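This report walks through one two-chain model. Please keep the sequence and the structure open while reading.

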Amino acid sequence: MAIRRRTGFLDPVRERVEVLERRVLGDDAGPVARRTFNRGLSAVIVGFLGMLILAPLYGFSVAAILAWLVFVVLYVPPWEVIPRVGRFVRPLLALSLAATYPFYALNMFTIPIFGAFPDVATGVKMLVFAMMAIGLNIVVGYAGLLDLGYVAFYAIGSYTVAWFASIQFAHQNIHFWPAGVPSSLPGIHISIWLLLALAGILTAIVGVIIGLPTLRLRGDYLAIVTLGFGEIMPQVARNGDDFFGTGFNLTNGPNGITPIDSPGFGSFTFLAGHGSFFTPDRLFFWTAILLVLFTVFCSLRLRDSRLGRAWIAIREDETAAAAMGVPLMRTKTWAYAAGAFFGGIAGGYYASFKSATFPGDFFFNISVLILCMVILGGMGNIWGVMVGALFLEYLDSEGLANTGAWLNSNLGLNIDVPKYEFGIFGLILVVVMLFRPQGLIPSARRKAEFEVGVHDEPLYNATHG
Amino acid sequence: MVTEARRPPLPLLRNRPSFTTVGGLTLVALLIVWLIVNLVKTPSDFAEIFLIGLTTGCIYALVALGYTLVYGILQLINFAHGDVFMLGAMMSATVAASVFGLTSGQSGVVVWLAVFGTLIIAMAFCGTLNATIEFVAYRPLRNAPRLAPLITAIGVSFILQNVGLAWKGPNYIEVVDVLPKSQVFDIGGVTYTWNKLIVVLITVPVLILLVWLVERTRQGKAMRATAQDMDASAMMGINVNRTISFTFLIAGALAGAAGLLYALYVTNVRYDQGFQLGLIAFTAAVLGGVGNLPGAVLGAICIGLIQAFNEGLTWHAPGSDWTQSIVFAILILILVFRPEGLLGERTPEGG
């Protein structure tokens, strides 16, 4: 397979930058210095462009300058050269920024075209979808199995929490450490924290059950089977209020199950909050951050484990991996189970946050939305996937409406932009696949696969992404 | 187009019936029992529903052939195919009403000429559209990992849906109702109406034409050769890119014909119907054995019948709420028990 060399329109710019770099740093500068120089340059360019666009539109904004400074501190200095603690600096800085987001969310500047920063409730949604995207990334990014029915896992997680923390089964009366639920309330009420674990495990089991018969199939057949499961799931949820006329109400049909208990401890619930500091949104937001952290941690550890390397081997060449003694079925099933696990937890948590679950939430669209997050961000790279998920979910819940309003008022159009949401996501899929198949923030290894191809040349030299 | 290299059967595994064989046969047996009981209980309903299923099966067959043609040559599930079909149906509805000025209930020779004209326009439109999609979205990814064109296909499908949404809005659009509903025959209460017969009458010549094209012409030979081995056919002087474009053109034209028939037979279209129907048609293609032309037709008729039986029969039928679930369950079961399909051969992909 021939190596395709793209000559991009940015190439002349790149050449100029290299010349400049040599002039400033000299000919024998180390890689760290060069990287820092490049990052500094791009930070300056971003700041300059930002000023150029922001200042005439919105005037002088302190928050925007602060945001730029934070970006510079995070991005430019070569933190990783500090021994031991260096590699934690950037994640920790980003984490503290995220954790304190509820305090400054309302004081942020307005982004041109996209409008205001997302509010904290949207932030919860973004984090939940980030979790799902990281889960799907295990299946698609690591193991290279296209899963078009990831929404099924989300649905199972949601319904697990809904069944065991609501009055859905009213003839039962089981209480097990629920938060703020009077013991007279009928139905099953189990602590949400336990249910999240249960949702994850149950979903993982379902993942294995779906996986076992279908993982024998390769690539596209697997995609269509998972799609089938993803389509069956909402139909079961919709028709589940009366299974084949037996009268058994499992899912309460199109009305969905609502309300669902809120997470909490003892008599303290997230829904009620505590004072003006612990508002419900903030509590849900911080918990979501913890869950995302947990997902990222597991995902990173899994990637570097023996299992993770087996996934990558299968992704690059299944036959060769099998010949090297990687057990295909078991490895793929584990990928499915792991991906499903996080999807289940995320779905359960989201159901508890919304206090409801409806069959309409689980259509094929959502599978594609999550897939789009993984693809846009960069298959296989957790940070890329996270950025993709946060950005697309922001677009999904606030951004597109804002952008549409901006377009309509400034260009004199009259288009209902959110109506075409999934067309836009489809366009993103196509454009990314055609022009940057490795995604915005690719993992080095995945990038090499897309540029060089995987079947003919072994990638012994590819560095780990 | 049976394409992949044949594997010799594994002699060791042939003697004992495996769990999957037994399980699969049990399911088929249960299905047959269910059908027979229904037949005995309500014979005339059964016959009527059978005829309905045959008609929908014909429409599915046209769409399924498009999937199977494209899969045979590129090993790509063209998710956008169903949406091409949907746009074809919308195009037919528009052309029939605006260009030829048909109105509901109209009859006479004019109607036949107009329907024929619409058929040609819809086929040309969908064929061009499909070939363009191939040129823009799939051709640049010819050498990319197989995941890449698949993901692109999903993206294209969503784009086309939104084109339909922008064009005709989110609601069902009414199509002129011109196919006569008078009876062809009435045997013991079993009626067969002209609008059903016309669907069959248009489908069958199109199928014969397609088989002739693939089996007898030079271009068809090139298609089969490309499906078998792209590199080798390129070395033999076949213009592979042109052949693939041609295949997409044919597949699109079939989708266009299906779109017209669907629009006139069902008389309403919505922007998101294509994807669902496309998945059902793909199931049909898999049921018959992907890459196998007669298989696709057989599978489509089976799926059409199963759908009609499920929605129409009264004794222990799950009903239309479950149609999709049943179709996808069939898809999954087929892939588990007999990945090569009813008529297909075992391929490295499926087995």
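G101(B) follows helix α3(B) and has a positive phi, near 60°. Helices here are DSSP runs of H or I with at least four residues, strands are E runs of at least two, and both are numbered from the N terminus. The model is predicted: local features need pLDDT of at least 70, side-chain atom pairs count only at pLDDT 80 or more, and totals for chains, interfaces and linings use all residues. Residues are numbered from 1 along each chain as its sequence is written, while chains are lettered from A and ligands numbered from 1 in the order in which they are written.

α3(B) covers residues 81–99. It has 19 residues and reaches 25 Å from first to last C-alpha, close to the 27 Å expected at 1.5 Å a residue. The expected span is 1.5 Å times one less than the number of residues. Is α3(B) largely enclosed or in the open? Of its 19 residues, 15 are buried, so α3(B) is largely enclosed by the rest of the structure. Buried means that 20 or more other C-beta atoms lie within 10 Å of the residue's own; exposed means 12 or fewer, partly exposed is in between, and C-beta atoms are placed from the backbone.

Helix α1(A), residues 11–25, has 15 residues. Its first and last C-alpha atoms are 21 Å apart, close to the expected 21 Å. The number of buried residues in α1(A) is zero, so this helix lies largely in the open. G26(A) follows α1(A), again with a positive phi, near 85°.

**The chains**

For chain A, with 465 residues, a compact globule would have a radius near 23 Å; the chain has 24 Å, which agrees.

Of the residues of chain B, 49% count as buried. In chain A, 42% of the 465 residues do. Now take contacts between residues at least 6 apart in sequence. In chain B, 77% of these join residues at least 24 apart. In chain A, the share is 71%. A contact means that two C-beta atoms, placed from the backbone, lie within 7 Å.

**Domains and a helix residue of chain A**

Chain A is assigned domain 1 (1–99) and domain 2 (118–452). These bounds come from an automatic or database domain assignment. The C-alpha centres of the two domains lie 32 Å apart.

P213(A) sits in helix α8(A), residues 192–214. It is partly exposed, with 15 other C-beta atoms within 10 Å. G388(A) is 175 residues away from P213(A) along the chain, and their C-alpha atoms are separated by 32 Å.

**A three-stranded sheet in chain A**

Three strands of chain A form an open sheet in the order β1-β3-β2, with mixed pairing. Why does one side of β1(A) and of β2(A) lack a neighbour? β1 (165–166) and β2 (173–176) stand at the edges, each with a single partner strand, so one side of each is left without a neighbour in the sheet. Strands pair if DSSP finds at least two bridges between them.

β1(A) and β3(A) run antiparallel, joined by two bridges. Here S166(A) stands opposite I188(A). β2(A) pairs with β3(A), residues 187–190, in the parallel sense over four bridges. In that pairing, N173(A) has G187(A) as its bridge partner in β3(A). F176(A) stands opposite I190(A) of β3(A).

**Where the chains meet**

How many residues does each chain bring to the contact? Chain A gives 38 residues and chain B gives 38 residues. On the side of chain B that touches chain A, α5 (147–168) and α12 (323–337) of chain B each supply at least two residues. The largest share, 15 residues, comes from α5(B). That side of chain B divides into 26 nonpolar, nine polar and three charged residues. Nonpolar covers Ala, Val, Leu, Ile, Met, Phe, Trp, Tyr, Cys and Pro; charged covers Asp, Glu, Lys and Arg; the others, Gly among them, are polar.

Terms used. The radius of gyration is taken over C-alpha atoms; the globule rule is 2.2 Å times the number of residues to the power 0.38.
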